[in-house]
Amino acid sequence: MAAIGCFLALICASPCRALDGLAADCVRRFDGFRAPAAPADRKRRRAAGLTLRQKRYLARWGYTPYVLEEFRFHMTLTGPIEAGERPRAEDALDALFAAAVGQAWTLEAICLFEQARPDASFLLTQRFALVIRR
C-alpha cells in the first residue's frame, strides 16, 4: 500500500512489464473513444508541477499526464484523507489486506466504465476477460 497524493492505494512492489505494456496499449488504442478533458481539468493538472514529458503527455493524451512511462499501476482504496487521519486508515487497510500483500495475483479482466457527468457514479459498461499472471 502507498499514499498517492492524499489517497491510499494498493501498488505493485516491483514493476510488471506485462501490466505496463497492457496499460500503454490501452491508452494508444482506445484514445479515440475518450471524451476530451475539460479545460478546467487541464488547467488544474498543468498547475501541478509537471515534468516536460508529463506536460507533453497531458497535451497529447488528455485527462492525465501519467501514461506510458509515467504510469504506475494502482488500485485506489480511499477518497482524500486528511493527514491526521492517515495512520488510522493505513492501520485499517493493512489489517484488511494483510493476507493478500506479497501474494501472487492474476488479472482476469478489464472493465469499461462510463460516467455521464464528472460528478456522476461510474457505471460498468462491459467486462473483457484476459489473464496476466504476476
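Select Arg117 and Asp119. Their side chains form a salt bridge, with the closest N and O atoms 3.0 Å apart. A salt bridge here is a side-chain nitrogen of Lys or Arg within 4 Å of a carboxyl oxygen of Asp or Glu. Colour the two by accessibility. Arg117 counts as partly exposed, at 47% relative accessibility. Asp119 counts as exposed, at 62%. Buried means under 20% relative accessible area, exposed means over 50%, and partly exposed lies in between (1.4 Å probe, protein chains only).

This is a predicted model: local features need pLDDT of at least 70, side-chain atom pairs count only at pLDDT 80 or more, and totals for chains, interfaces and linings use all residues. Residues are numbered from 1 along each chain as its sequence is written, and side-chain values use heavy atoms, with hydrogens and water left out.

**Zoom out**

Show the whole protein as a cartoon. It has four helices and five strands. Read along the sequence, the pattern is β-β-α-α-α-β-α-β-β. Helices (H or I, at least four residues) and strands (E, at least two) are DSSP runs, numbered from the N terminus. The C-alpha trace spans about 40 × 40 × 30 Å along its principal axes. Of the 134 residues, 22% are buried.

The protein exposes about 10000 Å², and carbon and sulfur atoms supply 58% of that. Accessible areas come from the Shrake-Rupley method with a 1.4 Å probe; for residues, only the protein chains shown count as cover.

Now think about contacts, meaning heavy atoms within 4.5 Å. Take the contacts with a separation of 6 or more: residues 24 or more positions apart account for 50% of them.

**More salt bridges**

How many salt bridges does a search of the whole structure find? The search finds four. Two more are worth a stop.

Select Arg60 and Asp31. Their closest N and O atoms are 3.1 Å apart in a salt bridge. Arg60 lies in helix α3 (residues 52–61) and Asp31 in the loop between α1 (17–30) and α2 (39–46), so the pair ties together parts that are 29 residues apart in sequence. Arg60 is partly exposed, at 43% relative accessibility. Asp31 is buried, at 15%.

Next, select Arg53 and Glu70. Their side chains meet in a salt bridge of 2.9 Å, N to O. Arg53 lies in helix α3 and Glu70 in the loop between α3 and β3, so this pair ties together parts that are 17 residues apart in sequence. Is Glu70 buried or exposed? Glu70 is buried, with a relative accessible area of 17%. Arg53 is partly exposed, at 38%.

**Around Glu70**

Gln54 lies in helix α3. Gln54 is buried, with a relative accessible area of 9%. Which residues does Gln54 contact, leaving aside neighbours within four places in sequence? Gln54 is in contact with Pro65, Tyr66 and Glu70.

Now pick Leu68, in the loop between α3 and β3. Check its backbone. Phi is near 50°, a positive value in a residue other than glycine. Leu68 is buried, with a relative accessible area of 17%.

**A loop threonine**

Select Thr78, in the loop between β3 (74–76) and α4 (86–97). Thr78 is buried, at 19% relative accessible area. Its side chain reaches the backbone nitrogen of Leu8 at 3.0 Å. That is a polar contact: a pair of N or O atoms within 3.5 Å, where, within protein, one must be able to donate a hydrogen and the other to accept it, and residues adjacent in sequence count only if both atoms are side-chain atoms. Show the neighbours too. Not counting residues up to four places away in sequence, Thr78 touches Phe7, Leu8 and Leu93.

**The cysteines**

A disulfide is a pair of cysteine sulfur atoms within 2.5 Å. The whole structure has zero disulfides. Select Cys12: its nearest cysteine sulfur, that of Cys16, is 5.9 Å away. Cys12 is partly exposed, at 23% relative accessibility. Then select Cys26: the nearest cysteine sulfur, that of Cys111, is 12 Å away.

**Last stop: a nonpolar patch**

Select Phe113, Phe122 and Leu124. They make a nonpolar surface patch of about 340 Å². Patches are made of residues with over 30% relative accessible area and no salt bridge: like charges are joined within 9 Å, nonpolar side chains (Val, Leu, Ile, Met, Phe, Trp, Tyr) within 5 Å. Phe122 lies in the loop between β4 (106–114) and β5 (123–133). Phe122 counts as exposed, at 54% relative accessibility.
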